[in-house]
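The tour begins with the whole chain and then moves from one selection to the next.

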Amino acid sequence: MANSRRKLIFNIYIVFYCSAVIMPQICICSQFTSSPIDQFNKDPKAFPIATNGEIFPWHELRLPTVVIPLHYDLLIHPNLTSLDFVASEKIEVLVRDATQFIVLHSKDLEILNASLQSEEDVRYRKPGESLTVLSYPAHQQIALLVPEKLRADLRYSVAINFQAKLADGFEGFYKSTYRTLGGETRTIAVTDFEPTEARMAFPCFDEPLFKANFSIKIRRESRHIALSNMPKVKTIELEGGLLEDHFETTVKMSTYLVAYIVCDFTSVSGTASSGVKVSIYASPDKWSQTHYALEASLKLLDFYENYFDIHYPLPKLDLVAIPDFASGAMENWGLVTYRETSLLFDPKTSSTSDKLWVTKVIAHELAHQWFGNLVTMEWWNDIWLNEGFAMYMELISLNITYPELQFDDDFSNTCFEVIKRDSLNSSHPISNQAKTAIQIKEMFDAVSYNKGACILNMLKDFLSEDTFRKGIIHYLKKFSYRNAKNDDLWHSLSNVSHQLSCRRLLNCLESDSASGGFCYSDSKKTSNTLAFLRKNVELKEMMATWTLQKGIPLVVVKREGRSLRLQQERFLSGVSKEDPEWGTLQERYLWHIPVTYSTSSSHAIHRHILKLKTDTLDLSEKTDWVKFNVDSNGYYIVHYDGQGWDELITLLNQNHTLLRPKDRLGLIHDAFQLVSAGRLTLDKALDLTRYLQHETSIPALLKGLEYLELLYRMVERRNISDVTENLKHYLLQYFKPLIDTQSWVDEGSVWDRMLRSIVLKLACYLNHAPCIQKATELFSQWMESSGKLNIPTDVLKVVYSVGAQTTAGWNYLLEQYELSLSGAEKNKILYALSTSKHQEKLMKLIELGMEGKVIKTQDLAALLFAIARNPEGQQLAWNFVKENWTHLLKKFDLGSFPIRMIVSGTTSDFSSKDELQEVELFFESLKAQGSHLDIFQIILETISKNIKWLEKNLPTLRQWLLITT
């Protein structure tokens, strides 16, 4: 009787709980408390002054939402001789609240005239009323003043004629050039609008929330072609030999996804399983390098359509290699643009790392066709919903479509890379406030991309892959052609998780009713089930701890018999517990951490949610060791208190294969991170690497080698000669068997080939005689063949770097750089040129980069970064940046990725107090000029961390090397 009653109560609870959780939510949209007109009339003095001296009727950075765009009709006519364009547009808008002005974005455009038609005017073809146009450049806005108040709930048509120069940089509607094999320079016109540059090409409502349809027409000469988001439907011949291409109307989308190109490119095409035409475009001389991209795109498009259970909604997908491009790629819907090195693959000069990169970037941009294009974040503070998901989908898609690339083994590095940034106090939350254009650009960083991907991977591991996939499908379908925010994703994942849990429970109850049994034979299992359902309710609360607060947690584990004492803290690199600021920096930080662990006594993966500062877990049996964060799927660092690290080091030395390969990788990473936080001594971390001679997992081996090389480069830059020589001797002696077994041919798995490239590059950098001899021999043969000899791609960078150390070799490489048609080869040559020990040669490279002809401006940031890594070039690069900051800002916008790369790449390796003071003074001078970036604080904190690290660990490193060698 008691059992029957308990079962009845349980059934009622489950049915009530499931129906309550799954009940659809109703969105109640907030309304304005007062209209923009009322605000303006109330206090006009609070509003800014337009360029003509009149009051500008809007004072916010964000546009008012009283007028929303429905459809744009764009006509663009670029002139690739005079390098400008004329254009016109008609925007159909819906007025939601009565107003006497329309505010939209415009930047560097000359507005010729503007007019307005009502629906009735359009119907009866009445001419439009002329509008007064006010401009407020500080906010990149224009206001169209209407003679009579626009009425609510009516549609109007706004017509604007405008013109501008094709932009010189990499944003808006800009010009790009390339040289043919015959030496002719040709110009194309291309767009790149993300995040806030559509306004440089046409006046628009340039915010993600203002989705609309776009009908685009482009005028061109017959020697060019025009491309846009949608397929071309017809071409009209105009007077003077001009052609006008008309494109299908787009689906509903944000302005930053609009794209069009006028060029003379050629293409290769194929058809996906769903019938979508996929084409790869490149300059005619590089057409032969497009075939791998086509193969990968077709395969990945098929995968995504199946995985998301949503067809790609456009009839075609073009991928275009652009000669001048600031970032890696841009996901414009249906017309994805790429830097040439991110799309083109040349089997003769592209290494296995190049192939992995191209495949990853294609996978990333195609994922955006769903995450970002189909469903778009409401505002840029949640850009991680686009970028984090796209990076996460690289992992999922490549594991299935290209298992031979073994990308799964590399994903941990995605997380390790951002931990260096996120463990600084100057980091920021994944979901972060961004108002100005500069702040928005700075959101495109490792926290949004890498950390976003890592917490999604952790959540997938927590919920199960099947549940997570169903949840994101639900999210994509619910918000298709709409905008979403953080909470919308958590609701979708929670709802699906609830549904699956409830379905299992209800099925169980039904089957037991028929048999007269009970799903759960004891109260403990019933309690666990209800706890699981509550866990899903708390998903939003759990994920808020990962997205709304910055930083990364440290889980401290102490084993006491069969008990595990857990404690969570905020992990801070460069700040130890003894530092006075440590306590303050820990305040109010608490995560809900889905921890996993394994033990010596079981192969099972144990799970627990650590929601408190401290917790205790009971082990079912005695164990010799415990390892937390199984397979490094969690975004947290683990410290083993007491004898924990000694036990693991002993285990690695005795039989490292008892730990999973990714667990060994994670241990190496965490150990060296803990050194930087003063939680582990350097000699202990170095002792851990002593097992690496027997390591069979290449990712783990390379991680250990990476940290040892970082130590070498740090002491080499500071010219600490005794430690430098001893560490060099140790590396060449300890890893001699590994170095000697490397062949100079392209063979083996992806990881075999990456190991070869990295090990030989380090060996030659350390002047290992056999390595230098072999590289010199290959370089001489290559020069004698006039560059026709095919050097194995895995060792190309090594051979070029050794060859660049002579004047004849350096000069020849620069000649070949100018002639090469392979972006992959040009990258390798440019890196090799940057390793020269002669400062006049390094300065010549910088001058060529600033000039932008032989070395394209797009490569200047990477060049300065590479020169700064050269001990002979670090001060040279830094001095150049200080002295030429104004010139650099003419080439790259403040806040752009290249500017951030330049300033960070030339300073972040500094490790002395004098250098820190010099950088501080420079940043203060920039701030006084109004040029402030968040990355300045990151750099200063990084340099301070480097100083502390050397002060604390240099004696230990010196002593460890004396004992070991």
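Of the 965 residues of the chain, 58% count as buried, that is, under 20% relative accessible area, whereas exposed means over 50% and partly exposed lies in between (1.4 Å probe, protein chains only). The model is predicted, so that local features need pLDDT of at least 70 and side-chain atom pairs count only at pLDDT 80 or more, while totals for chains, interfaces and linings use all residues. Residues are numbered from 1 along each chain as its sequence is written, and side-chain values use heavy atoms, with hydrogens and water left out.

The C-alpha trace spans about 95 × 90 × 55 Å along its principal axes.

Next, select Arg 199, in the loop between β10 (185-192) and β11 (213-220). Is Arg 199 buried or exposed? Its relative accessibility is 6%, and therefore Arg 199 counts as buried. Display the side chain of Gln 140, with which the side chain of Arg 199 makes a polar contact at 2.8 Å. Such a contact is a pair of N or O atoms within 3.5 Å; within protein, one must be able to donate a hydrogen and the other to accept it, and residues adjacent in sequence count only if both atoms are side-chain atoms. Leaving aside neighbours within four places in sequence, Arg 199 is in contact (heavy atoms within 4.5 Å) with residues including His 105, Lys 107 and Asp 206.

In the loop between β10 and β11, go to Pro 195. The peptide bond from Glu 194 to Pro 195 is cis, with omega near 0°.

Move to Ala 167, in the loop between β8 (155-165) and β9 (172-179). Ala 167 counts as buried at 15% relative accessibility. Beyond neighbours within four places in sequence, its contacts include Tyr 174 and Met 200.

Finally, select Asp 153, in the loop between β7 (141-150) and β8. Asp 153 has a phi near 70°, a positive value in a residue other than glycine, and counts as exposed at 63% relative accessibility.

Key: Helices (H or I, at least four residues) and strands (E, at least two) are DSSP runs, numbered from the N terminus.
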